[in-house]
Amino acid sequence: MHSDEHQEHAGSTGLTSPSAMTADPPKVNDYNSFAEAYTAENETNLVNAYYERPAMLALAGEVAGRRILDAGCGAGPLFAALRDRGAIVSGFDASAGMLELARRRLGDGADLRVVDLGGPLPYPDDTFDDVVASLVLHYLEDWGPALTELRRVLKPGGRLIASVDHPFAIITMHRQAGREAQYLDTTNWTEEWTLGGQTALMSIWHRPLHAMIEAFTGAGFRITVISEPDPDPAARELFPEAIAAQPRFLCFLFFVLQAD
């Protein structure tokens with residue numbers, strides 16, 4: 001999420017190093033608990049609907065006839081947009097509640113599965129032309145197992161198109177709030193999101209750009225695009241005050257990676 005939106009959702013926020021993580025932390029990232037409220041906001045807000053999804057679709061380009069895996073598909077807005085453009089899409093998410101909303105959107109025939117990113121994926125080798133991973137990798141402490149599995153299910157020459165929290169934007173957000181934050185450290189941070197009157201504890205991992213690149217290349221990917229896009233042009237009419245105040249902003253970081 002854009003740093004301003006993080007601040008809107010956050011009741012409290014804290015940064016910790018990996019060694020400071022507790023053995024039995026409270027339940028975090030429980031999208032089941034606020035699936036409908038999150039989905040309603042995600043459908044129309046600036047940073048998801050008029051920044052992140054348009055950027056992902058632009059990077060995907062012409063997808064008609066391509067087999068695409070939506071990793072961490074949530075309620076399915078990106079899945080639906082890719083399918084509308086002619087792609088053959090499968091999706092998975094760790095949240096059964098989010099997938100129930102995806103089924104309402106996509107129909108019972110959609111290939112949707114409850115799967116944790118980072119564990120084994122229920123797809124054969126060399127199945128997909130593309131994988132899209134929209135704002136999901138930054139929930140993982142270790143990207144290695146997830147990227148290895150995504151590389152396995154991609155055909156040779158296939159693409160992983162990924163968006164993550166922009167590391168510089170996150171560090172700037174913490175520093176503006178008076179918290180100590182070191183860009184070069186890989187750190188965990190938590191915050192409370194309140195949506196639709198429900199509060200959930202979210203745990204997110206910050207990692208610097210060089211650590212992202214090392215993870216991608218270590219899993220057998222070649223980076224072809226790193227993007228810091230502008231908002232969709234429609235945002236100027238729909239969010240005139242926000243865009244007037246900040247016509248360009250750091251929010252998410254986008255990658256196109258090729259499976260060599």
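**Entry 1: the cavity**

I looked up the lining of the largest cavity and found His138, Trp143, Val164, Asp165, Pro167, Ile170, Trp189, Trp205, His206, Arg207 and Met212. I note here that this is a predicted model. Which elements give two or more residues to that lining? They are β6 (154-165), α7 (167-176) and β8 (198-206). I then checked the volume: the largest cavity holds about 50 Å³ of space. My count came to 1 cavity of 30 Å³ or more. A reminder to myself: rolling a probe the size of a water molecule over the atoms shows where empty space is left.

**Entry 2: the nonpolar cores**

Next I turned to the largest nonpolar core, which has 33 residues. Which of them touch the most other members? I listed Leu82, Leu106, Leu112, Val132, Ile161, Phe252 and Phe254. Two or more residues each come from α3 (46-60), α4 (77-84), α5 (96-106) and β10 (252-259). The helix α3 gives the most, with 8 residues. In soluble globular proteins, nonpolar side chains tend to be buried together.

Leaving out residues up to four places away in sequence, Val132 touches Met56, Ile68, Leu69, Asp70, Ala71, Leu78, Leu82 and Ile161. I also noted a second, separate core of 31 residues. Among its members are Leu121, Ala146, Leu253 and Leu257.

**Entry 3: Asp129**

I went on to Asp129, which lies in strand β5 (residues 128-134). Is Asp129 buried or exposed? Asp129 counts as buried because its relative accessibility is 16%, and the cut-off for buried is under 20%. What does Asp129 touch, not counting residues up to four places away in sequence? I wrote down Gly65, Arg66, Arg67, Leu154, Lys155, Gly158 and Arg159. For Arg67 I have a distance too: its backbone nitrogen lies 2.8 Å from a polar atom of the Asp129 side chain.

**Entry 4: the rings**

Last, I searched the whole structure for aromatic pairs and got 15. I looked up one of them, Tyr51 with Phe252. Their centres are 6.0 Å apart, with 40° between the planes, and the pair is tilted. Tyr51 sits in helix α3 and Phe252 in strand β10. They are 201 residues apart, and the pair links distant parts of the chain. Both Tyr51 and Phe252 are buried.

I also found a cluster. Ring pairs link Tyr31, Phe34, Tyr38, Tyr139 and Trp193 in it.

Technical notes: Residues are numbered from 1 along each chain as its sequence is written. This is a predicted model: local features need pLDDT of at least 70, side-chain atom pairs count only at pLDDT 80 or more; totals for chains, interfaces and linings use all residues. Side-chain values use heavy atoms; hydrogens and water are left out. A nonpolar core is a set of buried Ala, Val, Leu, Ile, Met, Phe, Trp, Tyr and Cys residues joined through side-chain atoms within 4.5 Å. Buried means under 20% relative accessible area, exposed over 50%, partly exposed in between (1.4 Å probe, protein chains only). Helices (H or I, at least four residues) and strands (E, at least two) are DSSP runs, numbered from the N terminus. Contact means heavy atoms within 4.5 Å. A polar contact is a pair of N or O atoms within 3.5 Å; within protein, one must be able to donate a hydrogen and the other to accept it, and residues adjacent in sequence count only if both atoms are side-chain atoms. Rings of Phe, Tyr and Trp (its six-membered ring) pair if their centres lie within 6.5 Å; planes under 30 degrees apart count as stacked, over 60 as edge-to-face and the rest as tilted. On a 1 Å grid over the protein atoms alone, a cavity is a set of points where a 1.4 Å probe fits but cannot get out, and a pocket is an open set with protein on both sides within 12 Å along at least five of seven lines; lining residues have an atom within 4 Å of a point. Grid points are joined across faces, edges and corners, and a volume is the space filled by probe spheres set on the points.
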